[in-house]
Structures are given as structure tokens and as C-alpha cells.
Amino acid sequence: MGWIWLQVVLFGGWGGHTSQNDLVASDEVWHRFYGAGGCGVRFGGQRRLQPGLFFEMGRFVSQDRRQARLTQTRWNSLGLSLRLRPLKKSLSPIVEGNVFRLTAMPRSSQRQPISGIPASFSVNGVGWGIGFSWRPNPWSEISLLYFRRRPQTTLLEGIDGAARDRIEGFFGQFALLFLPPQPSTSRF
């Protein structure tokens, strides 16, 4: 019965990173800047282990100043998540894993499709996040996570790279908890 009570979650995030040699060719240095947002539901609001469904959408800009290249990618994803909140106290660490289906639309700096790359494509991916959660009252929760998504593609930049691309940064989440009514603790 407790699994039907849920949380409605709104979230947003930003981030950025530089890749040199780990995801790209040795002569490339890519700088990436992200913005993302989404919503979802998690089930079992009072339980330590909470499965959920989510929808995200975002955009990022990638540039290699040395080679004077710049791309912009809009993306959205639909996925399943599993979150662990080990402590039932108001402040708790959290760990989250997910699988998703991502659709991306890479474009050039002039917002045109890039030759040799599909204008739009869909791939599967996996991701994880780690952070802290705070419940200031019984019906809401605020979380901050570092997240990383790994779509199974080398085309996310709009330029075929040496290895699979990634999306990473910090997410803030606000959740409304719809929980069962609490029994009265009065003895009378």
C-alpha cells in the first residue's frame, strides 16, 4: 500500500566541463556548458528506495577554440530512475541511478544541421547522481545532486568524437510529497 504514495518532482540543472584526451582526439579541447530541466514522479515517498519516471530536456554549447568550432545541441530524454535515501531524518545523503532514451538535435553555430551528422537521432543511455536531500516539512523535499549522463553515442556534439559523450553538472530538485494521512499520536 505504501508504494502508491508518491512525490511529484521538478528539477533544473546547469554545469560544464572540459574534455581533453578522455573523450576526444588528442588535438581537441572541448569546453561544454549545460542547462537542463525536467519533471517526474517518484513512488514510495517515505521509503528509502524510490523508483521513478522522469522527463528531461536541455541544451548545451560545445566549443573548441583552438579549431574555431562551435556546436549547440538541444536534447530531451525519458527515463526510469531508482533513488536511495538511506536516512529517514530530515537531512540525508542520496544516490540515484537511471536509464533513459535520449533524442538529440545537434546544430552548427548558425543553428543549421551539420553535414555528415543526422539532424536528429535517438540513443539509450545510463546515468547516476549523488548528493543531499533536505525535508523542511512533511510535504516537501529539496535536493542538490551532482549528476552524470552517458548517452551511448559519439555524435552528441554534432562532430564524431573518439569516445562516447557525456552530460554532467549540478541539479537542484524540489519535490512535493503526497503521503498517507498520519495517525493521531494523542492518547485520547
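This report walks through some salt bridges in a predicted model.

## Ground rules

Because this is a predicted model, local features need pLDDT of at least 70 and side-chain atom pairs count only at pLDDT 80 or more, while totals for chains, interfaces and linings use all residues. Residues are numbered from 1 along each chain as its sequence is written, and side-chain values use heavy atoms, leaving out hydrogens and water.

## What turns up

Side chains of opposite charge can pair when their charged atoms come close. Here we count a salt bridge when a side-chain nitrogen of Lys or Arg lies within 4 Å of a carboxyl oxygen of Asp or Glu. Searching the whole structure gives 7 of them.

## Glu141 and Arg83

Let's start with Glu141, whose side chain meets that of Arg83 in a salt bridge at 2.2 Å, N to O. The pair ties together distant parts of the chain: Glu141 sits in strand β7 (residues 140–151) and Arg83 in strand β4 (residues 69–84), 58 residues apart. Strands here are DSSP runs of E, at least two residues long, numbered from the N terminus.

Glu141 and Arg83 are both buried, meaning under 20% relative accessible area with a 1.4 Å probe and protein chains only; exposed is over 50%, and partly exposed is in between.

## Glu168 and its partners

Glu168 has a salt bridge with Arg148, with the closest N and O atoms 3.2 Å apart. Again, distant parts of the chain are linked: Arg148 is in strand β7 and Glu168 in strand β8 (residues 167–178), 20 residues apart. Arg148 counts as partly exposed because its relative accessibility is 22%, whereas Glu168, at 6%, counts as buried.

Glu168 also pairs with Arg166, the closest N and O atoms being 2.6 Å apart, and Arg166 is buried too.

Technical notes
Helices (H or I, at least four residues) and strands (E, at least two) are DSSP runs, numbered from the N terminus.
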